[in-house]
Amino acid sequence: MDALTAGNEVTTVAPITTPALDIAPAPALDTLATLEDLEVHPAFVERIPIAYARRFGIIGLQGGAGVLRLAMAELTDFTVADVVGVHLGLPVEPVLAPAEQITSAINRAYSQQASGVETVIESIPDDGVDAVMEAIAQAGDLLDNQASAPVVKLVNLVLFEAVKRRASDVHVQPFEDRLQIRLRIDGVLYDFVQPPRHLLEEIVSRIKVIGRMNIAEKRLPQDGRTTVSVGERVVDLRISSLPTCHGERVVLRLLDKSARLYRLPELGMNASDLRIFRRLIRHTHGIFLVTGPTGSGKSTTLYAALQELDCTELNILTLEDPIEYQLPGISQTQVSDKKGLTFATGLRTALRQDPDVIMVGEIRDEETARMAVQSSLTGHLVFSTLHTNDAAGAVTRLLDLSIEPYLAASSLLAVLAQRLVRCVCPRCAREEPINEEDLRRLGLQRNGRMTPNLSGTPTALRGSGCAHCLDTGYYERMGIFELLSVNDAIRGLILRRSEAAAIKAAAIEAGMATLRQDALGRLLIGEGAGDLTVRTTVEEVLRVTHEDELET
């Protein structure tokens, strides 16, 4: 007899005895060059475990008159087709297809299954906690959970849904009377599911096992990391646990390793800023800083800048915590405070590697700031990040880190402040006028009059909500930027230790567009507005940016 096997669960199928399954001989078989446009049979995905499909390289396709077309990578054993046909109760027509096409079709089909999170939660018995704890095991492919324990299935499905919905973080948050799992999608937290409160310890323990953390330690914070796979996608997980008065709270940061790197033109800079940016990053020495809060896309911008440089002519080194993406032709180093390799010590060592360009993940302290400045003054181009609210604030932040004004003035090339705003969903976007209250809050109307560069009734887009955007009206995010290029006037202000407001005013006079001004350019609809998929909403502009006090 043959068996469909997934993990520990075995479904035994009797040998075929019915003439209803007419398997055509090999010479008459069709050959499919691609499976991308063909529809997978739902019964195949529902009843055939993914492990079995992968093992034999098969995928069931829709056929005519109730026939299952079984795409196979090899046609040496028709017993597999017999087993699938009997298991589904359908006549089978084998067809030949490339193995890589079948693998991609398997991953696409099984990743589109309904999540089943609620069903998994309902299947967990109230008195089965001990049994669940014994069943906890190491995570494998998140698509293959046919034989996993209920809590293991639940955690796998939550992670699977998080990846499927493009979430950057998963929050497991206990309250006094409930347990809430939330997903951060496009920078905003959404409630996802509420498992029973008594499953908190089992869920947290499972996550700790995945992250190779101590499941017995519940009184102290812990950090862990691991890598999981969802079909063809490889996702890094960085896990943090924190004891609270209602139990341990866990946050998982998801980093999709298979996600592509962005190029500079794809970041969303306007043409003027992009031209200046490209000129600045080709300097032979100096410091270029990118500022913004956590999760504002600073690393993505720096990666895009490094890809613009010629790594065959330049020796480029990076010091990162963590290394988010692998850059071809560039030497990347993971810093580790536990091992004594900090940004400052790593930068000191990197200088002995004859670098032309150095990327320092973050300037956190005085020692790192001094090393970065000294590196830039000795003929190296240094990229790094700071946590400040705007571009001008980064200048005063350097001075606060005890960098002498004359060193800061001579080493600093430019500061790029950035934020991420959500884009209007292109599938449910509709145009509507901006009301007077929003015009006033945006700074587009003062004393009952529109700003001089506007006429008529300004309009913007808004998403009504659809399945594509999970009824949020938003899909993905784009960057807004504030590029402060250090000129002679700004250098003079730095030497005099001027306030950030004075530096910002000088930069605006030199042509810098503030974050609010750049965001308004992505909001207003008018002639030449371009692709509607890269517009944002009034609420997003007001949420992410602040009114420029210098303009009031």
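**View 1. Strand β3 (residues 58–62) is mostly covered, with four of its five residues buried.** The model is predicted, so local features need pLDDT of at least 70 and side-chain atom pairs count only at pLDDT 80 or more, while totals for chains, interfaces and linings use all residues. Residues are numbered from 1 along each chain as its sequence is written, and side-chain values use heavy atoms, with hydrogens and water left out. Buried means under 20% relative accessible area, exposed over 50%, and partly exposed in between (1.4 Å probe, protein chains only). Helices (H or I, at least four residues) and strands (E, at least two) are DSSP runs, numbered from the N terminus. The partner of β3 is strand β4 (residues 68–72), and the two pair in the antiparallel sense over five bridges; two strands pair if DSSP finds at least two bridges between them. Leu61 stands opposite Arg69 in β4. Five residues lie between β3 and β4 in this hairpin, and Ala65 in the turn has a positive phi of about 55°.

**View 2. Arg364 forms salt bridges with Asp321 and with Glu362.** A salt bridge is a side-chain nitrogen of Lys or Arg within 4 Å of a carboxyl oxygen of Asp or Glu. For Arg364 and Asp321 the N to O distance is 3.4 Å. This pair links distant parts of the chain, 43 residues apart: Arg364 is in the loop between β15 (357–360) and α12 (366–377), and Asp321 is in the loop between β13 (316–320) and β14 (331–334). For Glu362 and Arg364 the distance is 3.3 Å, N to O. Arg364 is partly exposed, with a relative accessible area of 36%; Asp321 is also partly exposed, at 36%. Glu362 counts as buried, at 18%.

**View 3. Arg219 and Glu217 form a salt bridge.** The closest N and O atoms are 3.8 Å apart. Arg219 is exposed, with a relative accessible area of 71%, whereas Glu217 is buried, at 18%. Side chains of opposite charge can pair when their charged atoms come close.

**View 4. A network of salt bridges links Arg430, Glu432, Arg462 and Glu539.**

**View 5. Helix α10 (residues 298–308) is largely enclosed by the rest of the structure, because eight of its 11 residues are buried.** The buried residues are Lys298, Thr301, Leu302, Tyr303, Ala304, Ala305, Leu306 and Glu308. In the chain, buried residues make up 49% of the 552 residues.

**View 6. Glu36 lies in the loop between β2 and α1 (42–47).** Glu36 is exposed, with a relative accessible area of 55%. Leaving aside neighbours within four places in sequence, Glu36 is in contact with Gln101 and Arg108; contact means heavy atoms within 4.5 Å. Glu36 and Ile102 are 66 residues apart in sequence and 9.5 Å apart in space, C-alpha to C-alpha. Across the chain, residues 24 or more positions apart account for 67% of the contacts with a separation of 6 or more.

**View 7. The largest cavity holds about 70 Å³ of space.** A search of the whole structure finds one cavity of 30 Å³ or more. On a 1 Å grid over the protein atoms alone, a cavity is a set of points where a 1.4 Å probe fits but cannot get out, and lining residues have an atom within 4 Å of a point. Grid points are joined across faces, edges and corners, and a volume is the space filled by probe spheres set on the points. The lining consists of Leu154, Val155, Val158, Leu159, Val170, Val172, Ile181, Ile203, Ile207 and Leu252. The elements that give two or more residues to this lining are α7 (150–164), β6 (167–174) and α8 (200–210). Helix α7 gives the most, with four residues.

**View 8. Confidence in the chain is lowest in strand β2 (residues 9–13), at a mean of 41, and highest in strand β12 (residues 286–291), at 97.** These values are pLDDT, the predictor's confidence in each residue, from 0 to 100. Over residues 135–139 the pLDDT is below 50, and this stretch has 14 contacts in the model beyond near neighbours in sequence. Residues 527–533 also have pLDDT below 50, with six such contacts. Where pLDDT is low, the predicted coordinates should not be read in detail. The mean pLDDT of the chain is 83, and 82% of its residues reach 70 or more.

Definitions and conventions: On a 1 Å grid over the protein atoms alone, a cavity is a set of points where a 1.4 Å probe fits but cannot get out, and a pocket is an open set with protein on both sides within 12 Å along at least five of seven lines; lining residues have an atom within 4 Å of a point.
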